[in-house]
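Below are some comments for a colleague who is looking through this model.

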Amino acid sequence: MDLSTDYMGLKLKHPIVASSSPLSETLEGIKLLEDSGASAIVMFSLFEEQIRKENEAFDFFLEFGSESFAESLNYFPHIDTSPKRPDHYLNLVRKAVEATDIPIIGSLNGITNEGWIDFAKQIQEAGASALELNVYYIPTDIEVSASAVEQRYFDILKAVKDAVSIPVAIKLSPFFSSTGNMAKRLDEAGADALVLFNRFYQPDINLDNLKIDPRADLSTPAEIRVPLLWIAVLYGRIKASLAASRGVHSSTEIIKYLLAGADVVMVASTLMKNGPQYLSVLINETDNWLTARGYHSLNEARGVMSRQNSKDPGAFERVNYIKVLESFENPFSSAIASKRIGNHLR
Ligand SMILES: Cc1cc2nc3c(=O)[nH]c(=O)nc-3n(C[C@H](O)[C@H](O)[C@H](O)COP(=O)(O)O)c2cc1C
């Protein structure tokens with residue numbers, strides 16, 4: 001079975017990529033991911049706030065007037081000793097590139113296009129094969145329009161594309177009024193890949209201490225539905241590669257993503273839970289399923305269940321919603337009916 005795939009120009013031996021997570025925070029962790037079979041590794045993210053703090057570029061923050069920036073600085077209390085310091089990050093990229101034979105993809109997380117973009121270039125110079133941009137922006141200011149939020153993504157993408165020559169992927173939120181149009185415009189703006197989707201950790205309320213709880217849970221397989229929909233819809237309609245991210249806990253989710261049209265499938269939570277070694281199980285099971293179905297290569301199978309190749313494109317639209325609702329029956333209908341009859345006889 002030829003599982004090879006092309007991800008934004010990177011030739012990978014199979015489509016299963018280690019997603020950005022703490023597993024890549026050390027060289028040992030990175031080597032273990034490679035030894036366990038990852039076809040590429042996306043490093044943990046370095047945050048704009050960390051880079052800017054290191055650069056002591058606070059003037060920009062004062063001009064920009066972002067309260068959220070000040071707040072997020074408090075979130076990095078041990079920045080001076082953190083292994084996530086920008087210079088440590090570059091060193092780790094350098095060492096990872098030397099120590100492995102698979103593409104190492106740097107990851108930057110930012111929400112503005114100033115004060116940190118040069119760092120993208122330094123990641124390229126450290127030897128990264130590509131860069132993933134994670135725009136984790138929550139527009140809590142209700143005066144900010146949808147178009148202003150979208151413009152932020154384009155400004156960041158353009159600034160980074162201008163700074164580097166390696167491929168650039170952008171990791172998106174699904175929360176746009178027109179997610180497909182946003183994907184199309186990012187493709188036209190030069191994104192080499194779209195990572196669908198970022199997982200947002202919405203705050204929870206702790207009822208014991210009445211504080212906002214920042215606890216993060218690992219994903220569940222039920223989360224694949226939103227990325228699956230958009231990968232199936234976008235397949236064949238944009239140039240950028242499609243990376244599926246979210247909810248992979250077995251080869252079942254991987255196969256669904258590939259049939260929908262993903263070029264690669266990224267995994268984080270399941271590796272945090274089962275260890276990097278679980279990658280070999282995922283790869284073997286994916287291979288076995290495709291072989292048993294008579295495919296000779298991943299290219300033959302990719303996208304066969306996409307909207308473009310579907311005999312029933314309505315299944316991706318409103319019609320599906322109506323069908324789904326109609327498929328439910330009221331589980332209490334017979335109890336209600338017998339109660340009604342009982343009342344009637346009384
Ligand atoms: C503990 C943990 C840390 C993560 N750190 C990052 C990060 O630094 N940057 C990033 O872009 N995504 C990060 N992610 C998100 C993952 O890369 C991935 O997109 C998300 O968890 C969905 O995939 P999954 O269902 O396989 O976990 C993290 C996820 C987990 C579970």
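This is a predicted model: local features need pLDDT of at least 70, side-chain atom pairs count only at pLDDT 80 or more; totals for chains, interfaces and linings use all residues.

At what angle do the axes of helix α7 and helix α8 cross, and within what distance do they come?

1. The axes of α7, which covers residues 146–163, and α8, which covers residues 179–188, cross at roughly 20° and come within 11 Å. Since angles under 35 degrees count as roughly parallel, α7 is therefore described as roughly parallel to α8. The crossing in which α7 passes α8 is right-handed.

2. As for the residues that form this contact, α7 contributes Glu 150, Tyr 153, Phe 154 and Leu 157, which meet Met 182, Arg 185 and Leu 186 of α8. Sorted by class, the contact of α7 with α8 comprises five nonpolar and two charged residues, with no polar ones.

3. Helix α10 (residues 251–260) packs against helix α12 (residues 278–292) at an angle of about 55°, and their axes are 9 Å apart. These two helices are therefore oblique to each other, and their crossing is right-handed. On the α10 side the contact is made by Ser 251, Ile 254, Ile 255, Leu 258 and Leu 259, while on the α12 side it is made by Leu 282, Glu 285, Thr 286 and Trp 289. The contact of α10 with α12 has six nonpolar residues, two polar residues and one charged residue.

4. A further pair is formed by helix α1 (residues 27–35) and helix α5 (residues 86–99), which pack at an angle of about 35° with their axes 10 Å apart; the crossing of α1 and α5 is right-handed. Leu 27, Ile 30, Lys 31 and Glu 34 of α1 make the contact with Leu 92, Lys 95, Ala 96 and Ala 99 of α5. By class, the residues of the contact of α1 with α5 are five nonpolar and three charged, with no polar residue among them.

5. Turning to the ligand, which residues are the closest to it? Of the 19 residues that surround the ligand, the closest are Ser 20, Ser 45, Asn 134, Ser 219 and Ser 269. For Ser 20, a polar backbone atom is 2.6 Å from an oxygen atom of the ligand. For Ser 45, an N or O atom in the side chain is 2.6 Å from a nitrogen atom of the ligand, and for Ser 219, a polar side-chain atom lies 2.5 Å from an oxygen atom of the ligand.

6. The peptide bond that runs from Leu 196 to Phe 197 is cis, with omega near 0°, and Phe 197 lies in the loop that joins β9 (193–196) and β10 (204–206). Met 8, a residue other than glycine, has a positive phi, near 45°, and is found in the loop between β1 (5–7) and β2 (10–12).

7. Finally, where is Tyr 235 found? Tyr 235 is in the loop between α9 (225–234) and β12 (241–245). Leaving aside residues up to four places away in sequence, Tyr 235 touches Leu 242, Ala 260, Gly 261, Arg 302, Gly 303, Ser 306, Gln 308 and Asn 309. The C-alpha atom of Tyr 235 is separated by 9.8 Å from that of Val 304, although these two residues are 69 residues apart along the chain.

Definitions and conventions
Residues are numbered from 1 along each chain as its sequence is written. Side-chain values use heavy atoms; hydrogens and water are left out. Axes are lines fitted to C-alpha atoms, for helices over the stretch in contact, and angles run from 0 to 180 degrees between N-to-C directions. Helices (H or I, at least four residues) and strands (E, at least two) are DSSP runs, numbered from the N terminus. Angles under 35 degrees count as roughly parallel, over 145 as roughly antiparallel, 65 to 115 as roughly perpendicular and the rest as oblique. A crossing is left-handed if the near helix is turned anticlockwise from the far one by less than a right angle, and right-handed if clockwise. Contact means heavy atoms within 4.5 Å. Ala, Val, Leu, Ile, Met, Phe, Trp, Tyr, Cys and Pro count as nonpolar, Asp, Glu, Lys and Arg as charged, and the others, Gly among them, as polar. A residue is near a molecule or strand if one of its heavy atoms lies within 4 Å of it. A polar contact is a pair of N or O atoms within 3.5 Å; within protein, one must be able to donate a hydrogen and the other to accept it, and residues adjacent in sequence count only if both atoms are side-chain atoms.
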